[in-house]
Amino acid sequence: MAISQCFHCAEPIAAVDSFSTFIDGEHRPMCCPGCQAVAQAIVDAGLTSYYRYRSEPASRQQALVPEALKGFSAYDLPEVQQDFVHSQNGLEEVTLTVDGISCAACAWLIEHKLKQMPGVKQAMVNSTTQRALIKWLPDQLKLSNILNEINRIGYHAAPFQLDSEELASSRNSRRFLLRLGLAGFATMQVMMFALALYAGYFTDLETEFRDYFRWVSLIFAAPVVFYSAQPFYFSALRALLSGRLNMDVSVSIAICGAYIASCVATIQGTGEVYFESVSMFTFFLLLGRYFEQSARRKASVSASNLHKLVPLTAVRLTNGTPEEIPAKRLVLNDIILVKPGEAIAADGKVISGVSGVNEAMLTGEQHPVLKRPAEQVYAGTINLEQPLEIQVSALGQDQLVAEIMRLQEFAANSRPAIAILADKLARYFSATILTIATITFLIWHYFISPEDAFWITLSVLVATCPCALALATPTAVTCATGLFTRLGIISRTPGVFEKLPQIDTVLFDKTGTLTNGNVTIDGIRLFDEYTEAEVLEFAAALEYGSLHPIAKAFSPYLSSSLKANAIRHFVGEGIEGVIEQKVFRIGNAAFCNCSPVDAKRQWIYLSCDGKLIAAYALEDKLRADAKQTVDELKREGFGLAIASGDNSRHVLEVAESLGIEKVHANLKPADKLALISELQAHHKVAMFGDGINDAPVLAAAHVSVAMGSGTALAKNNADLILLGDHLHRFTQAVAIAKRTRRIIRQNLAWALGYNLLVLPLAVTGHVVPYVAAIGMSASSLIVVSNSLRLLRTKL
Amino acid sequence: MSIIYVLIPIAMLFVLIAVGVFFWAVRSEQFDDLDRQSLSILFDEDTKQVKPAEEQDPQP
């Protein structure tokens, strides 16, 4: 049925009458009126270079729902605005989170579209955090106009309040960048003079110039030691105060010790200087930490973007009269009215009304859940069919969404397992080195030659400096994380690199993982004289404006000429409407007064004036790369199985087409958990999942993988997130992890080996200090360049 | 050789300026979104063509 691709969103077009937009001198095909309107708005604004430079297609436009657009006016209420709009010099300022930004071109598009609006003074869009900072003149423009304008070019924006924690973390990471940059500049300079000094050992550098170079190096190294290296001192102090040793203790001692000794040498004009080692060491360490921190920050930013899911206003019923108020002013036991299409503003119990609620944000399940009186609903979920009256039972931090965000933040801030391991290693290492250095000093001081004691102790400290060891894992993990990011894989817990190579069994959830999770029409049976095209148009007209996932399957067939009137939704049954004076019904068999055609697949029926005219088979299609991934995994020798909560027939079908033999169907969350713990007894299991029902299993699995389109809760429990939903990225991730593990082992072996080799030489006074410095720098450089090999991995 | 007593302080001055520029760049949030900045050069040429038609309204 598919003719071509939509120029805007790259979805296949199956429309009966085609939509198109004139872009860059050509009529480009569009899949739906939504995409057409958006593309037209972009062209009208003269922003067609978006299409030239974007690296990802835009997200598909749902037919613009009028209710959603009207909702923006609530943001103009001063009471609502006071939470997130700040006034400054007569300008209003707001931060928005924007859905649907897929690449830098999107950010450019939104910025320029907004800058064309009179009254907008500044618009800055960040494509990494998916946020926009906008300043405007309040007397010329309203916030709802801005939100509407963003909506017109196909993105969905919502105001957003930065919490203090995130502000602090962004300030922190900026300070980190300053430290890093400063260390980089200084290192370059100091290295330059160090080269001259190295050369001075072999040729005859006059003492006058040597001292001059040393003084200059001293000045350049000072900001590195006093400013850039601060984080290490604080961490070391914290560790010491709590009675522990960590890597930062020996790092701090090495930095300070080497710097002080070098200063002494410079002032006295004797001995050796280590300014270049100090600067370079600090720079490399900071680099590793910076990448680690920015990866973690990314995760926490996406967590706080969840805030916008909860609407800011609510309609409160006081003695039956509705009144729109800011959601913040709700109190427990208030009754709120939620109209179809609206998000629920607070957790609560239904007290009247029956409606389907889309809980996809929590469960990943697009199918609406039927809510009857006395049933629990959650803030942020969307009411689909009938108005609901809800009694508020939880507010603010007690709501489920807030709980999810807290979990996410917690996960984002916890220490990765591999770092803990490295820390443990460092603790023993530092303790050993410090003891050996002290003993060396005492022995040389009292028994051999007191005047050499200080310099030999220093060369012990410098030669055995833990820098290579400290760099061994972070640099490798940093490179591997970078590689992951390039492939669209997010590793939420750096421990992934240890755990992935151990996996021998992979367990898949079906819906949303092996399949797309989107319903499509897979076959039509006709029972009357109408043609296939006509019945599709009827169905699309009836389903227009409905938020049910099934409606989405019909939306490509929407015709601009056919309208359904007097549409009535029957909860859990179907939709009735009048087209050309005939009453059409679309829904389940009972609703359309007919008997089911075939039990094997999911059918939906269309009747006209009580007579069945067509039936549509619905199907959840396999992901394009599912087969390829399964084949690859089989070739690699993984055990594969499907664990699904779905009824067995469809699951079997999927398993058969993919060639997976072990199938467990009809599983409740508890059954899944039992299954996985049974498997975990003998195997290391990786679990794929996407819904709230998978959350406990994901937490239990050795490595858990969530799809990028999955729910917040699933992602929160996952170790790996596959953005862009490419399943075969998993096999690449395993390959990278194996390589990373190999490289970390090489690094550790090299660093430990070098230190063990040089220690006895240094203790006995056979290592000249400049050799110690060169050895230390070389061992760090070898570790860093070994880790950099990861980036060249071909996939 | 004694010229280096003059040249090196000048080099230090340049480094100081470079560090100053870097600090300014970080403080003005230019490093917050690296994908975006690397692409902006592609777009800018195009906006100039658009500007005369679309953005001629000088604001007070």
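Predicted model: local features only at pLDDT ≥ 70, side-chain atom pairs only at ≥ 80, totals over all residues.

Colleague: What is the relative accessible area of Phe441(A)?

Modeller: The value is 31%. Buried means under 20% and exposed means over 50%, so Phe441(A) falls in between and counts as partly exposed.

Colleague: Which residues does Phe441(A) touch, not counting those up to four places away in sequence?

Modeller: Phe441(A) touches Ala453(A), Phe454(A) and Thr457(A).

Colleague: How do I read chain A as a whole? How many helices and strands does chain A have?

Modeller: Chain A has 27 helices and 29 strands. Of its 795 residues, 53% are buried.

Colleague: Let me try another residue. Is Thr505(A) buried or exposed?

Modeller: Thr505(A) is buried, because its relative accessibility is 7% and the cut-off for buried is under 20%. You will find Thr505(A) in strand 18 of chain A, residues 505–508.

Colleague: With which side chains does the side chain of Thr505(A) make a polar contact?

Modeller: One is the side chain of Asp504(A), at 3.1 Å. Another is the side chain of His683(A), at 3.5 Å.

Colleague: Now for backbone angles. Which phi does Asn333(A) have?

Modeller: Asn333(A) has a positive phi of about 70°, although it is not a glycine. This residue sits in the loop between strand 9 (321–326) and strand 10 (335–338) of chain A. Asn333(A) counts as exposed, with 52% relative accessibility. Asp609(A) is another residue other than glycine with a positive phi, here near 50°. Look for Asp609(A) in the loop between strand 23 (602–608) and strand 24 (611–622) of chain A.

Colleague: Let us turn to the two chains together. How is the size of an interface often given?

Modeller: It is often given as the accessible area lost when the parts come together. Between chain B and chain A, the buried area is about 3,300 Å², and carbon and sulfur atoms give 66% of that. In terms of residues, 31 of chain B are in contact with 40 of chain A.

Colleague: How many salt bridges and polar contacts does the rule find across this interface?

Modeller: The rule finds 0 salt bridges between chain B and chain A, and 2 residue pairs in polar contact. On the side of chain B that touches chain A, helix 1 (4–27) and helix 2 (34–54) are the elements giving two or more residues. Helix 1 of chain B provides the largest share, 12 residues. Sorted by class, that side of chain B has 18 nonpolar, 3 polar and 10 charged residues.

Colleague: Finally, where in chain B does UniProt place the feature "transmembrane region"?

Modeller: The unreviewed UniProt entry places it at residues 6–26 of chain B. In the model, that span is 100% helix and 0% strand, and its end C-alpha atoms lie 31 Å apart.

Definitions and conventions:
Residues numbered from 1 in each chain as written. Chains lettered and ligands numbered in written order. Heavy atoms only, no water. Contact = heavy atoms within 4.5 Å. Buried area = accessible area lost by both parts, 1.4 Å probe. Salt bridge = Lys/Arg side-chain N within 4 Å of Asp/Glu carboxyl O. Polar contact = N/O pair within 3.5 Å; in protein donor to acceptor, adjacent residues only side chain to side chain. Helix = DSSP H or I, 4+ residues; strand = E, 2+ residues; numbered from the N terminus. Nonpolar A, V, L, I, M, F, W, Y, C, P; charged D, E, K, R; others polar. Buried < 20%, exposed > 50% of the residue type's maximum accessible area, 1.4 Å probe, protein only. UniProt positions renumbered as here; feature names shortened; annotations may be inferred.
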